[in-house]
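Visitor: I'd like to know how you put names to things in a model like this. Can you walk me through it?

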Amino acid sequence: GKGADVAACKTAAPLFSEAECRAVIEEAEHVAASREEGWTTKRHNNYATTDIPIVDLPRSKAWFLDQLQVKVLPFLAQCFPRACESPDDFRIFDVFVVKYNAS
């Protein structure tokens, strides 16, 4: 069936709007600038990233928890039907905003 043996899945259109992404980025930049440690760089041993946990971003965390139910988990359940019977079967372990320089 659909998604039976896939390891990755993509959408035809973005899950989140440009405005939603911009709001998360702005909050992350603001929080990082306002704290001594700034962006974190040592949270992941195998694949180091410059990031900030979403738990440190109150507005973004609230927004993401809502989006989790209405967009993210249903999308995952559709992509990986053999992994679960319901979107409620998925659990999120770590959510963070990654900062990178594309140039």
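Guide: Let's start with burial: buried means under 20% relative accessible area, exposed over 50%, and partly exposed in between (1.4 Å probe, protein chains only). This is a predicted model, where local features need pLDDT of at least 70, side-chain atom pairs count only at pLDDT 80 or more, and totals for chains, interfaces and linings use all residues. Residues are numbered from 1 along each chain as its sequence is written, and side-chain values use heavy atoms, with hydrogens and water left out.

Visitor: Which residues of α2 are buried?

Guide: They are S60, F64, Q67, L68, V72, L73, F75, A77 and C79. Part of their cover comes from α1 (18–34), going by contact, meaning heavy atoms within 4.5 Å.

Visitor: What makes C79 buried?

Guide: Its relative accessibility is 3%, and the cut-off is under 20%, so C79 counts as buried. C9 has 35%, so C9 counts as partly exposed.

Visitor: Why is the link of C9 and C79 called a disulfide?

Guide: The rule asks for a pair of cysteine sulfur atoms within 2.5 Å. Those of C9 and C79 are 2.2 Å apart, so they form a disulfide. C9 lies in the segment before α1 and C79 in helix α2, so the pair ties together parts 70 residues apart in sequence.

Visitor: How do you know that C21 is in no disulfide?

Guide: The nearest cysteine sulfur, that of C79, is 17 Å away, and the rule wants a pair within 2.5 Å.

Notes: Helix = DSSP H or I, 4+ residues; strand = E, 2+ residues; numbered from the N terminus.
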